[in-house]
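User: I'd like a close look at one spot in this model, and then some of what surrounds it. Could you walk me through it?

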Amino acid sequence: MGDILFLAHRVPFPPNRGDKIRSAHLLKKLAQLAPVHVGCFAENAEDRSGVSQIAEMAKSHCVPNRLKPLPLAGVEAVLSGKPVSLTAFHCKRLQSWVEQTCKQHRIDTIVIFSGQMGQYIPEGFKGRVMVDLCDVDSAKFESYADAGERVWLNAREARLLIAEEERLAQRADATILISDNEAALFRSRLKQPARANVCVIGNGINAAFFDPGNAIAHPQLTAEHGPHFVFTGQMDYRPNEQACEWIAQHFMPAIRKRFANAQFHIVGRNPTAKVLALNPVPGVKVWGEVPDVRPFIAAADIVLAPLLIARGVQNKVLEAMAMEKPVLLTQEAATGIAATDGLHWMLETAEAEAMCKRAQNLINDRQAYAAMSKAARQFVVDQHCWDAMLAPLTELICQSQDTRNAA
């Protein structure tokens with residue numbers, strides 16, 4: 001069996017945000033199958049601290065710092081006619097390392113995590129290529145443009161990324177998406193969908209870590225009257241920022257008419273100025289980065305996920321469900337999770353009164369509350385463990401090796 005080259009846009013460790021959680025589990029699985037070489041970017045000191053974990057499992061690795069300012073990447077993108085997403089992640093050092101690694105080692109398979117890294121596939125590489133796009137980035141930028149946000153720039157990015165996604169789909173032996181819905185959307189945007197082998201590998205959850213028996217509710221929340229509503233996530237990510245703005249401006253005024261002491265807790269790293277500006281809203285508290293989100297989830301009465309724009313599977317939803325917490329969410333946040341409304345979670349449109357009614361009814365019905373909490377965790381344990389989610393990856397890698405060995 002030959003070696004595997006794994007290229008990701010961020011250091012997978014520590015796995016403390018959605019994309020890094022997925023890439024970390026992918027890398028661990030690949031390292032079990034064959035010797036693996038890892039190329040990725042570090043953006044901060046925390047990323048650099050994770051390089052030691054890469055070194056422990058990788059045959060070789062290259063982790064340059066990603067220092068290019070976004071405005072510079074934007075200028076380069078406009079001058080070169082490329083997407084900003086690609087120029088922001090272009091690095092001559094990493095490109096040279098990839099080429100040398102492919103020359104010096106028997107690389108049978110290249111696994112790309114995130115479309116930005118597809119630019120590093122060497123010309124003339126004869127082995128198997130798998131690209132995990134997770135979700136359809138071009139559609140995300142289209143959504144931003146349609147919402148009136150930096151319309152020219154986001155529309156341009158969407159248009160150019162569609163072309164790059166098409167190129168990768170034709171180049172790859174397998175293109176991986178995170179859900180059936182995302183895979184269908186991806187196929188619908190291809191000019192030649194029949195030539196693309198589109199596969200689905202969903203997100204898993206570490207149910208042993210996100211176990212209500214292993215977490216103590218945050219004492220400050222339990223000491224104060226509620227109910228307590230919690231939102232977790234990377235808070236410089238625009239869809240999360242947008243959801244928290246909606247909760248603070250629409251949901252909280254409505255729910256506080258029903259529960260005067262209702263509180264909303266925003267928990268996640270890198271809160272933007274817009275998120276921090278929500279602190280003065282009655283009942284709203286921005287916590288920012290915390291060592292462990294589990295105490296906040298454990299103290300929540302309901303976890304909120306009213307995303308208006310979303311791509312892929314939301315880890316925040318799976319984590320809350322694993323912690324036996326009812327989740328109140330929109331259809332956008334439910335993508336890729338085949339749970340049932342009213343049994344495993346509460347699915348609603350982003351309309352404040354409708355969401356408040358669902359929340360109020362469940363909080364006041366303790367039997368229904370307990371039943372949904374138990375059903376939510378059991379669903380995650382049964383349907384979203386990482387071993388089950390990554391089984392198709394094992395089959396794809398082994399299939400590629402068998403094909404090469406038979407040739």
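Which side chain is joined to that of arginine 377 by a polar contact, and at what distance?

Analyst: The partner is aspartate 211: its side chain and that of arginine 377 are joined by a polar contact of 3.4 Å. By polar contact I mean N or O atoms within 3.5 Å; within protein, one must be able to donate a hydrogen and the other to accept it, and residues adjacent in sequence count only if both atoms are side-chain atoms.

A word on the ground rules. This is a predicted model, where local features need pLDDT of at least 70 and side-chain atom pairs count only at pLDDT 80 or more, while totals for chains, interfaces and linings use all residues. Residues are numbered from 1 along each chain as its sequence is written, and side-chain values use heavy atoms, leaving out hydrogens and water.

Back to arginine 377, which sits in helix H17, residues 366-383 (a helix is a DSSP run of H or I of at least four residues, a strand a run of E of at least two, numbered from the N terminus). Arginine 377 counts as buried because its relative accessible area is 14% (buried is under 20%, exposed over 50%, partly exposed in between, with a 1.4 Å probe and protein chains only). Setting aside neighbours within four places in sequence, arginine 377 touches Ala207, Phe210, Asp211, Pro212, Met321, Ala322 and Glu324; contact means heavy atoms within 4.5 Å.

Now for the sheet. There are 7 strands in an open, parallel sheet, ordered S3-S2-S1-S4-S5-S6-S7 (two strands pair if DSSP finds at least two bridges between them). Its edges are S3 (60-62) and S7 (198-200), each pairing on one side only. Inside the sheet, S4 (residues 107-113) and S5 (residues 128-134) run parallel and are joined by 5 bridges. Isoleucine 112 faces valine 131 of S5.

Strand S2 (residues 36-39) holds histidine 37, which is buried because its relative accessibility is 0%. The side chain of histidine 37 makes a polar contact of 2.6 Å with that of serine 60. Beyond four places in sequence, the contacts of histidine 37 include Asp3, Phe6, Lys59, Ser60, Trp97 and His105. Leucine 7 is 30 residues away along the chain, with 8.4 Å between its C-alpha atom and that of histidine 37.

As for confidence, the chain's mean pLDDT is 94, and 98% of its residues reach 70 or more (pLDDT is the predictor's confidence in each residue, from 0 to 100). Over residues 400-407, though, pLDDT is below 50, and this stretch has 11 contacts in the model beyond near neighbours in sequence.
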